[in-house]
Amino acid sequence: MDYTNIDELINDFQLMIDDTSYDKDAQIYQLRLLALQGLRELTFDVEQVVRTQQEVVTSNLAISLPGGFVKLLRIGFKNSNNEFVPLGYKSNLSLDSTVASQVNDDLYDENNPYYHVDLGKKFGIGGGQNTLGYYRINRNDNAINLSSELAGKTLFMEYISDGTSLSSPQNHIISLSFNNGIEDEATFRIPSPTSSTSYNTFSVKVSTEVPAVLTNKTLWLKSTDGTTTVAKKFKELINNGHPDYGITPFNTILTASNVSGSRIVTLTYNDRSAQSSYGVGTNYELDVYQNNVINKEIELIQQGSAARQPRVHKFCEEALRSYIYYKYIQRKRGIPANEKQAAKRAYFNEKRLARARMMNFSKETAMQVSRKAFKQSPKL
């Protein structure tokens, strides 16, 4: 492992304390506080811990900032080549999506001075427009507000963490793409929201009349329903059950989202400390498309993971020990000034060494960067 748990480091630090140590009276809670403060300092200056998170945008057009958030690096989508495609930042984006619009900003309003009647386009709005969508950080509500075209979509963000907080457990997220012409009595399965080793089976009932047996796992369709209607009805089944018949959702841990006009439904397993990938890339002992209910295998969007305790990289261990000792004796009376100065020098020296060890910039990297603008044969 590249990292050491903070509790292990504190235990090791205590083992080195004896009757001749200036920090012999240090209490465990003091050492832990100093360790977390030191970890935060080293995270900002040395480690630069970058964490990632995926979120599904709900109807309120906002996603919450993760625990330990310090600075947003980028937010956007992943494309088919596993490359990052960023959103645009818009400073005049509203921080409250519930406020009703009072001004019409129709791009196709013929009274608009920038509207060209013959071409049906608006000119003079400036360049740099982002067609994917926009975001704005709302620190008052600890959220990121988003433009309306992002509703129901899955966003990927990278951010700098303070390194001291528990890493939040990641929700397990999968997606299903529904097929056309689903047959009556067909069944399909999804991973269970309460177990990492089992699944839940849903049945399809195609009928214009109310099915004789209607449960919170019955997808009630009509023969004329297309793929987008099927996806919408499955989303409503997961989120609401069959409210007109007094049937509640089968589990509130599971929530579903669907972009209007799309056959894809995204399922989020909320508040799960961990989820296995059970059911992703497997056929549940059925055919690969689950009796033709879906048109491709269940896709894993985000693997669920458990919360993680604060930890420090092994390159920074000695720097953190030096920080704890230096900060503990810094304002203590009766400790010689030269001991305090020695502790301070030791900390900054260890911090410098840790920074040098963490850097991975090399001669080869410099040469590669310098040649990116030139199309020539490689030099080995």
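Predicted model: local features only at pLDDT ≥ 70, side-chain atom pairs only at ≥ 80, totals over all residues.

Reader: Fine. How many helices and strands does the chain have?

Author: There are 6 helices and 19 strands.

Reader: And how much of the chain is buried?

Author: Of its 380 residues, 37% count as buried. The exposed surface comes to about 22,400 Å², with 48% of that supplied by carbon and sulfur atoms.

Reader: What share of the contacts comes from residues 24 or more positions apart?

Author: They make up 67%, counting contacts in the chain with a separation of 6 or more.

Reader: On to charges. How many salt bridges does a search of the whole structure find?

Author: It finds 9. One of them joins the side chains of Asp 7 and Arg 32, at 2.5 Å from N to O.

Reader: Why does that pair tie together parts that are apart in sequence?

Author: Asp 7 sits in helix H1 (residues 6–15) and Arg 32 in helix H2 (residues 28–47), so the bridge ties together parts 25 residues apart in sequence.

Reader: What does Arg 74 pair with?

Author: Glu 158, through a salt bridge of 2.9 Å, N to O. Arg 74 belongs to strand S4 (residues 69–78) and Glu 158 to strand S11 (residues 154–161), so this pair ties together parts 84 residues apart in sequence.

Reader: Which of the two is buried, and which is partly exposed?

Author: Glu 158 is buried, with a relative accessible area of 16%. Arg 74 is partly exposed, at 38%.

Reader: What about Lys 233?

Author: Lys 233 forms a salt bridge with Asp 225, with the closest N and O atoms 2.8 Å apart. Asp 225 has a relative accessible area of 15%; the cut-off for buried is under 20%, so it counts as buried. Lys 233, at 23%, is partly exposed.

Reader: Which residues are linked in a network of salt bridges?

Author: Lys 314, Glu 317, Glu 318 and Arg 321.

Reader: How far is its C-alpha from that of Thr 154?

Author: The two C-alpha atoms are separated by 9.4 Å, and the residues are 76 apart along the chain.

Reader: Now the helix. How far does H4 reach?

Author: H4 covers residues 317–329, 13 residues in total. From first C-alpha to last it reaches 19 Å, close to the 18 Å expected at 1.5 Å a residue.

Reader: Is H4 mostly covered or mostly open?

Author: Mostly covered, with 10 of its 13 residues buried. Among them are Glu 317, Leu 320, Ile 324 and Tyr 328. Glu 317 is also part of the salt-bridge network.

Reader: What covers those buried residues?

Author: The cover includes strand S1 (3–5), H1, H2, strand S19 (311–313) and helix H5 (337–358). H1 and H2 are also the helices that hold Asp 7 and Arg 32.

Technical notes:
Residues numbered from 1 in each chain as written. Heavy atoms only, no water. Salt bridge = Lys/Arg side-chain N within 4 Å of Asp/Glu carboxyl O. Helix = DSSP H or I, 4+ residues; strand = E, 2+ residues; numbered from the N terminus. Buried < 20%, exposed > 50% of the residue type's maximum accessible area, 1.4 Å probe, protein only. Contact = heavy atoms within 4.5 Å. Areas by Shrake-Rupley, 256 points an atom, 1.4 Å probe, with all protein chains shown as cover. Expected span 1.5 Å × (residues − 1).
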